[in-house]
Amino acid sequence: MYPKIPLTVNGQKQEIEADPEMPLLWALRDIMDIKGPKFGCGIAACGACTVLIDGEAVRSCSQPVGEVEGEITTIEGISQGDELHAVQQAWMKHSVPQCGYCQSGQIMAAVALLEENPDPTDEDISDAMTNLCRCGTYPKIKAAIKDAAQTLGA
Amino acid sequence: MSRLGKYTRRAFLGLGVAAAGGLAVGFYFYQKPYANPLDAKKAEGETPFNPYVMIDQDNTITIIAPRAEMGQGIHTTLAALVAEELEVPLEQVVVEHGPSSPAYFNAAMLEESTPFPFYDESVLAELARGSMKIVAKFLGLNMTGGSSSTTDAFVKMREAGYAAKFVLLKAAAEHFGTSEDNLTLADGTITDPASGKSVTYGELASKAAAVSPPSEMKLKKASDWKILGKSQKRVELKDKVTGGRIFGIDVQLPNMLYGTVRMAPRKGVSLKSYDKTATLAIPGVKDVVEIRTITGEGLGVVADNTWAAFKGAEALEIEWDDPLSLQNSDQMWSALENALTQEATFELGGTGSDAEVFTSIPESEAVSAQYRVPFLAHATMEPMNATAQHDENTIRVWTGTQAPGLIQSVVSSHFDMDSANIDVTTTRLGGGFGRCLEVDFALYAAVIAKATAPNPVKVTWTREEDTQHDTYRPMAIGQFKGQVTPDGTLKTMDMQVASPSIIQSVMPRIFPGISPAGPDNTVLDGAFNQPLDVENIRCQAHVADLQVPIGFWRSVGNSVNGFFHESFMDEAAHKAGKDPLEFRLAHLTSDEFRPAREALKRVAEMSGWGTPLPAGKGRGIAHVLSFGTWTAQVVQVDVTDNTVTIEEVWAVADPGIVLDPGIFKDQIMSGINFGLSQALGQEITWVDGEIEQANFDTFDAMRMHQAPKITIELLENSPRMGGAGEPGTPPSTPALANAIFAATGKRIRQMPLSNEIDFI
């Protein structure tokens, strides 16, 4: 049998039974039924699976669930009830998503970036936002991050 | 409940009140319409009006947008067509993909597959387009592709909205005891100003469904549009910023198992033997299933979670039987080179000049170049996946597909069942780009689900499996030759293209009963059908089978030939000693090429074409007409220390009519970045019968730090409506190569450009 692994996800403490080697992504998606983080590559190359662990952006496809230390936040956990996070609101305002598949990861990466750097330059954004978007929405992602930075700074 | 959950519930509820007649809205007049598929699908209290509109008694207005939403915003624009005529704001409607049904056939998709250029309005061309519409209807092609959705829907979905409004008004007139002319409509409500009373569409729904549909469609003039022609908020936006469960990979069903596949390297390679001992020893793995289908052979692994299935698949020991003769990319290039020396397979377009004209170009006036492009994977963000369940006499499939009707057809053939017993639920797609016109992912899930029955199984491919089992954009060689006279005129242009045929590869996979006949336009698209005033033009195809499955990749043949044609125009301009813009305009003098001229002139203005640039910088220009949209682009690069930065792109697109400028520009932007991604390093290469690239570390695409600033304008000079999803892609790569030439004097004729110059 698998060991019990204690986790805190979006503020809720829980225990799951899983192989500690299982990537956090699959524990979230297949065991906890949290579908916001997406599977894209499995080798931390695309960022579609990005979640926050204690506020830091982590590519959950390459993070063994048994080694997670800290509180996990997925895209399901960043809004306050019906009120979306400022980054999500900026994404809506700029109509960023096309297919939308990478956008959960993009938004989580942006949340982490603004947490650390409330007023990023274009270069800061390029350095921090390494997630892949096959629809090529990068110009809009950049504009939305700057917008969200203003909202959060105001 | 999530959108997907609601959708699934609807799909399962086959109950309902008696259908009060789907409207025969007259959007195709040459044959009787298909039966209304919503009669079998509606839930209690819903009245289906016609295949595009449903109105609940609680006044929920559902618009069926039967095209795959894969990022192109099509659900929004299709809903806007209906909402415009129905007089409801978009915020008030629910948009669903709807069931798979031939009633949602796409006539426009095949229309532009006739061997006539878009600008050819001759009787013969129009007859050919008309006959393809009937073929599309006959085949029930409920497909999304060819940038055809809005063209196909432009009239019929507005008519659907009009017809619904017509019967609602009739019902309201009876309700109030007055004439329709005395009533006003707004926001899904009809008001009788005389009495001051109002009634909602929902309250009128069942009564209205009994009213005879209109015999004449009185659609609004464009000048009266309130929704169309203006940028709308995408209907699915909120789901996409909140991690909504909207994709195929998010499907969750009771008692669902998880699976993956390990398929033979390509179709034609068979499963010889395998050892599953190590796989079955992995905790969580439940079964290994043999897959032998029309699209390929291999093994499926079933487990109680996706990760265990992945590990199980990795642990399989498999021996393949590979009888194919072409094992390496070198052999494939040789096959294309050889094809170029053979007589042409077919010829399209051209001026019909004597063959001698093309072989007797004086050496001093000749310009000649050979271009090459490699195989490319689609690399959608969402890896291929499908969920399937065998349920007594029905097979249910949930997946992100561009062609649910083809899944029904191929899955039913595999299991020797009636296609009516294959139920396909189309989810949102995490990218499509043509990949999801294929059926392999759904078929393999259906095969594995036979072994897990009655439990459903969600089958997700690894990224490696996805990259290595795609239906690739073909590799091709273009041998171009021209004659530039001393006054700088391109007098003769000869285009010889060697490539495998996409149609010959696709048809046996998806329409095994139909043998492809006639020329495959996709081999020459972007070459034979470009606006060009040149005295002698010849465009010939040399088709060679490279034994690799190939398919439709965003902009298809235009992605190949656009690069060849527009690189060559630049070389010819250089030979003529002319500015590339002036040279193009000088060869676009015919009246019907006005949209090309206007697009080029405008993009030149926007980009400051002709103004001096600092050393190390350069601009390149290109124009490609594809999918009915005339698209001109200028790319500006900086080349420092032999490293290219793509600084800025300006684009002008002319689709004739713009239904949603915001969404249209998004598509052009996306098409540009998709196209430029090729140049930065994408290629699929073969060694010993296997593909060398596997994941985003070896087959990457543009990232944020490489993304240029993009400025887009739209024009409406074209006489007919064109598409949005693909036309942005073809001009981007030649404009980039031409810009690198302008900056460095280095002409790169082979994709990816990164093999010859570095990019940041």
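User: How many residues of domain 1 of chain A are in contact with residues of domain 2 of chain A?
Analyst: This is a predicted model: local features need pLDDT of at least 70, side-chain atom pairs count only at pLDDT 80 or more, and totals for chains, interfaces and linings use all residues. Residues are numbered from 1 along each chain as its sequence is written, while chains are lettered from A and ligands numbered from 1 in the order in which they are written. Contact means that the C-beta atoms of two residues, placed from the backbone, lie within 7 Å. Domain 2 of chain A gives 13 residues to these contacts, and domain 1 of chain A gives 14.

User: Which element gives the largest share of the side of domain 1 of chain A that touches domain 2 of chain A?
Analyst: Strand 3 (50-53) and strand 4 (56-59) of chain A each give two or more residues to that side. Helices (H or I, at least four residues) and strands (E, at least two) are DSSP runs, numbered from the N terminus. The largest share is three residues, from strand 3 of chain A.

User: What distance separates the centres of domain 1 and domain 2 of chain A?
Analyst: The bounds are 4-77 for domain 1 and 86-153 for domain 2. They come from an automatic or database domain assignment. Taken over C-alpha atoms, the separation of the centres is 21 Å.

User: Which element supplies the largest share of the side of chain B that touches chain A?
Analyst: Here 48 residues of chain B meet 46 residues of chain A. Helix 7, helix 9 (306-315), helix 19 (661-679) and strand 27 (709-714) of chain B each supply at least two residues of chain B's side. The largest share is six residues, from helix 19 of chain B.

User: Which strands stand at the edges of the seven-strand sheet of chain B?
Analyst: The sheet is open and mixed, in the order 10-11-8-18-15-16-17. Two strands pair if DSSP finds at least two bridges between them. Each edge strand has a single partner strand, so one side of each lacks a neighbour in the sheet: these are strand 10 and strand 17 (422-426).

User: What is the bridge partner of V285(B) in strand 11 of chain B?
Analyst: Strand 10 (residues 285-292) and strand 11 (residues 297-303) of chain B pair in the antiparallel sense over seven bridges. They form a hairpin with four residues between them. V285(B) bridges to A303(B).
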